[in-house]
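We will go stop by stop.

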Amino acid sequence: PKTDIVFLKVHKSASSTVMNILFRFGETHNLTFAFPQGGGFQLYYPYHFLATFVHGFSPRSPRRFNILCHHMRFLQPEVQKVVPSSAVYFSILRNPVQLMESSFVYYKGASAFSRVRSLEEFLSQPYRYYNPASGDRHYARNLITFDFGFNPDGDASPERVQLMLKAIEASFDFVLISEYFDESMVLLKELLCWDLDSVVSFPLNTRDSSTRSTLPDWAVEKLKAWNRLDWEIYTHFNRTFWERIDRAMGRERMRREVKALRARQAELARTCLQGTGSVAPKDIKDSSLRPLQHGGARILGYNLKQGLDGELERTCRRLVTPELQYSSLLYKKQFPPPAP
């Protein structure tokens with residue numbers, strides 16, 4: 001199994017669920033994580049990543065970490081200073097239409113969104129609300145492009161788009177697609193030589209459907225044009241994703257593997273969870289399993305069954321532990337506070 005990994009966590013793209021998978025794998029195999037200085041949750045995002053953002057990194061004694069997966073704005077020469085040269089690089093993308101709809105609810109306080117009542121209102125005249133000079137502009141335009149380290153206000157000429165796609169392909173071994181999450185996890189398992197249980201998951205950091213809205217067709221077209229760079233990245237990697245599957249394993253084997261993955265997840269849901277799915281934040285009984293609530297979104301969580309025995313309870317708890325709590329726990333394990 002491959003143990004040196006760089007995961008570029010693109011916002012609002014099922015990346016918290018992928019992080020849970022990486023946290024569990026890293027914890028099980030005693031791997032080290034490149035944590036933000038002081039145990040924060042983002043590597044000084046939205047600034048471009050620097051090796052000095054990582055807790056325990058020093059240019060004098062170049063310590064390498066196994067897994068880099070916290071939010072960052074990608075900058076490969078700096079990333080290479082903190083992970084082994086053998087590291088596998090991957091990311092996950094989501095359709096920019098749903099991504100922006102989610103971003104609008106989640107980052108409602110962002111300067112571009114704070115004065116509008118709806119995403120449609122914003123899209124009808126975006127330049128009225130969007131300021132390319134504001135520090136949080138990326139939440140409102142080409143968020144994928146920004147996270148990969150490029151300029152979200154850059155020109156979308158075919159030449160520039162090609163350069164950007166070539167740069168991403170040169171840096172990343174593969175790019176997953178969140179709309180095909182189960183297929184993505186099977187491909188991840190295949191390319192990292194992991195076993196099935198390493199890639200099972202329950203969806204984390206998902207919103208209650210009451211805050212989701214469907215956009216009219218005109219708004220969808222405006223949104224694609226407004227996020228043209230993201231749209232180009234997404235459609236390119238959505239296509240190469242299926243080409244990758246055809247090369248790596250073929251559709252028939254993929255169908256069998258997805259079926260096995262879903263069966264295992266259903267089995268774990270029956271074993272671990274009260275009810276079989278997620279619940280509203282107010283209904284989560286164990287406060288340590290309550291996810292951070294943000295913006296106008298209601299983020300769902302889980303209740304574990306009572307009376308699970310030790311090892312099983314631990315497995316189940318890890319599957320549903322929200323990102324921030326899990327990150328803090330692993331940070332304290334890796335950098336134990338000095339004894340009083």
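At what angle do helix α3 and helix α11 pack, and how far apart are their axes? First, some ground rules. This is a predicted model, where local features need pLDDT of at least 70 and side-chain atom pairs count only at pLDDT 80 or more, while totals for chains, interfaces and linings use all residues. Residues are numbered from 1 along each chain as its sequence is written, and side-chain values use heavy atoms, without hydrogens and water.

**Stop 1: two helices.** Select residues 96-106 (α3) and 228-248 (α11). They pack at an angle of about 130 degrees, and their axes are 10 Å apart. That makes α3 oblique to α11. (Oblique is what remains after roughly parallel, under 35 degrees, roughly antiparallel, over 145, and roughly perpendicular, 65 to 115.) Now show the side chains of Pro96, Val97 and Leu99 on α3, and of Asp230, Trp231 and Tyr234 on α11; these make the contact. Contact means heavy atoms within 4.5 Å.

**Stop 2: helix α10.** Select residues 217-226. Ala219, Val220, Leu223 and Trp226 are buried here. (Buried means under 20% relative accessible area, exposed over 50%, partly exposed in between, with a 1.4 Å probe and protein chains only.) These four cover an arc of only 130 degrees around the axis, which puts them on the same side of α10. The arc is that of the directions from the helix axis to the C-beta atoms. Turn to the other side of α10: Asp217 and Ala225 are exposed. What covers the buried residues of α10 includes α3, α4, α5 and α11.

**Stop 3: Arg141.** Find Arg141 in the loop between α5 and α6. Is Arg141 buried or exposed? Arg141 is buried, because its relative accessible area is 13%.

**Stop 4: helix α14.** Select residues 323-334. Glu323, Tyr326, Ser327, Leu330, Tyr331 and Gln334 are buried. Seen down the axis of α14, these buried residues fall within an arc of 135 degrees, so they line one face of the helix. What covers them includes α1 and α13.

**Stop 5: backbone details.** Go to the loop between α1 and β2, where Pro46 lies. The peptide bond from Tyr45 to Pro46 is cis, with omega near 10 degrees. Asn30 is found in the loop between α1 and β2 as well. Its phi is near 55 degrees, a positive value in a residue other than glycine. Asn30 counts as exposed, at 63% relative accessibility. Finish at Lys12, in the loop between β1 and α1. Lys12 has a positive phi of about 55 degrees, but counts as buried at 12% relative accessibility.

Key. Axes are lines fitted to C-alpha atoms, for helices over the stretch in contact, and angles run from 0 to 180 degrees between N-to-C directions. The expected span of a helix is 1.5 Å times one less than its number of residues.
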